[in-house]
Amino acid sequence: MGFHQIDERNLALLSKIAVDDGHGENSPYFDGWKAYDNDPFHPENNPLGVIQMGLAENQLSFDMIVDWIRKHPEASICTLEGLERFKSIANFQDYHGLSEFRNGIASFMGKVRGGRVKFNPSRIVMGGGATGASETLIFCLADPGDAFLVPSPYYAGFDRDLKWRTRAQIIRVHCNSSNNFQVTKAALEIAYKKAQEANIKVKGVIITNPSNPLGTTYDRDTLKTLVTFVNQHDIHLICDEIYSATVFKAPTFTSIAEIVEQMEHCKKELIHILYSLSKDMGLPGFRVGIIYSYNVLVVRRARQMSSFGLVSSQTQHLLAAMLSDEDFVDKFLAENSKRLAERHARFTKELDKMGITCLNSNAGVFVWMDLRRLLKDQTFKAEMELWRVIINQVKLNVSPGSSFRVNEPGWFRVCFANMDDNTVDIALNRIHSFVKNIDKKKDNTVAMPSKTRRRENKLRLSFSFSGRRYDEGNVLNSPHTMSPHSPLVIAKN
């Protein structure tokens with residue numbers, strides 16, 4: 001029997017978690033990754049391959065980190081300069097983590113938030129990346145069958161991170177493009193009432209701020225509304241703030257930590273923050289996830305559970321030195337924000353020239369692109385048809401809005417910070433050729449008799465598109481994307 005062949009007897013030997021599809025790998029979000037893995041773009045070896053635009057990584061400031069490491073070889077225990085610490089770091093470390101690491105993380109989180117709030121290192125709990133930290137927190141707060149209200153669209157991996165092994169549920173709080181997908185008190189109450197009517201116990205609300213996939217930030221009034229809501233219903237509020245240092249233009253980022261400190265009669269024990277260095281510093285491979293809770297018991301229990309997914313002591317040691325260098329941190333945060341702003345402005349400007357708009361955003365490493373006008377009809381079936389053309393013919397891995405549980409078809413998340421400038425040019429050129437081809441077909445359709453027009457509408461998304469860039473008849477090669485690895489298991493994107 002081949003490795004990929006699974007018979008009924010084999011399934012019966014395993015647990016329910018092991019055999020179900022709760023990981024979500026069969027979703028369009030991960031199908032896009034598979035398309036990329038099977039045909040990855042490379043400038044010389046595969047110039048017509050799939051360009052990776054589904055990877056929410058920030059690779060624009062790696063040079064600054066590399067330069068710091070080059071200047072501080074003592075920060076690594078694998079260099080001659082740092083070898084004297086090898087034994088103490090390589091020996092057993094308990095789940096509290098290195099004190100200098102927790103101090104460094106607390107200091108960095110404060111700087112990211114403009115110094116407007118301070119974080120207590122004793123409340124910091126490690127997790128194996130944001131995925132591991134998220135799951136640990138859910139294990140602390142909910143029993144199987146309990147639910148969390150989550151504004152949609154939300155990160156595609158939440159169905160895996162929050163539900164798969166914990167057996168918790170997600171109840172969507174529907175947000176609409178009519179108000180730029182902002183969450184409202186009315187929408188929260190509707191979702192909460194729906195859960196009550198279904199006899200489902202709601203344990204909390206989960207938000208991402210800045211939002212993935214929207215790239216927007218929550219304003220103070222909305223955050224206060226959320227705190228008031230969870231206080232009234234005596235449920236938890238989890239704020240995923242892993243993109244907090246990716247804000248590149250006004251309005252500035254407001255952390256829930258600031259709101260908690262300012263509001264009177266706030267039940268702090270209901271408030272929890274998820275953090276990571278995967279997006280803000282572009283270090284997803286380091287698997288640094290953080291839980292920061294105002295609940296003493298949650299801190300204690302989450303720390304015990306973190307034994308199943310700690311950050312390696314070697315990684316802690318290196319990052320402790322880096323994050324304690326205040327001059328470096330200040331320069332990194334300023335320059336990283338500047339580079340994100342430049343890339344975002346360039347990307348959206350070129351899309352706008354093509355007649356493609358995006359949700360007005362101020363943070364993140366992606367845009368929420370509006371392709372509703374390219375759908376043959378306003379359905380999710382039409383969205384999937386369009387997405388398959390983009391993946392298979394245009395050769396771009398973008399993520400369809402349905403993967404993020406949005407309730408309006410035609411939106412796509414497109415990542416722009418995981419590649420170099422020349423690869424961005426190639427990607428934009430492919431999009432331009434694709435849209436131009438569709439618009440040309442639409443123009444031709446207008447002049448056709450009704451029968452022919454109906455036939456043309458059916459064929460509208462079935463044209464052949466090579467994904468090549470032509471300049472006076474020549475195919476131009478381009479640099480490859482910077483990250484060829486697959487996040488099917490390891491990354492939180």
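Q: What relative accessibility does lysine 376 have in this predicted model?
A: The model is predicted, so local features need pLDDT of at least 70 and side-chain atom pairs count only at pLDDT 80 or more, while totals for chains, interfaces and linings use all residues. Residues are numbered from 1 along each chain as its sequence is written, and side-chain values use heavy atoms, with hydrogens and water left out. Buried means under 20% relative accessible area, exposed over 50%, and partly exposed in between (1.4 Å probe, protein chains only). Lysine 376 counts as partly exposed, with a relative accessibility of 37%.

Q: Which residue forms a salt bridge with lysine 376?
A: A salt bridge is a side-chain nitrogen of Lys or Arg within 4 Å of a carboxyl oxygen of Asp or Glu. For lysine 376, the closest N and O atoms of the pair are 2.9 Å apart.

Q: Is glutamate 258 buried or exposed?
A: Glutamate 258 meets arginine 220 in a salt bridge of 3.0 Å, N to O. Arginine 220 lies in helix 10 (residues 220-233) and glutamate 258 in helix 11 (residues 256-262), so the pair ties together parts 38 residues apart in sequence. Arginine 220 is partly exposed at 31% relative accessibility. At 2% relative accessibility, glutamate 258 counts as buried.

Q: What is the C-alpha to C-alpha distance between lysine 224 and isoleucine 259?
A: Lysine 224 is in helix 10 and is partly exposed, at 33% relative accessibility. Lysine 224 and isoleucine 259 are 35 residues apart in sequence, and their C-alpha to C-alpha distance is 6.7 Å.

Q: How are helix 4 and helix 14 oriented to each other?
A: Axes are lines fitted to C-alpha atoms, for helices over the stretch in contact, and angles run from 0 to 180 degrees between N-to-C directions. Angles under 35 degrees count as roughly parallel, over 145 as roughly antiparallel, 65 to 115 as roughly perpendicular and the rest as oblique. Helix 4 (residues 62-71) and helix 14 pack at about 160 degrees, with their axes 10 Å apart. Helix 4 and helix 14 are therefore roughly antiparallel.

Q: What handedness does the crossing of helix 7 and helix 12 have?
A: Helix 7 (residues 129-141) packs against helix 12 (residues 296-305) at an angle of about 125 degrees, with their axes 10 Å apart. The two helices, helix 7 and helix 12, are therefore oblique to each other. A crossing is left-handed if the near helix is turned anticlockwise from the far one by less than a right angle, and right-handed if clockwise. The crossing of helix 7 and helix 12 is right-handed.

Terms used: Helices (H or I, at least four residues) and strands (E, at least two) are DSSP runs, numbered from the N terminus.
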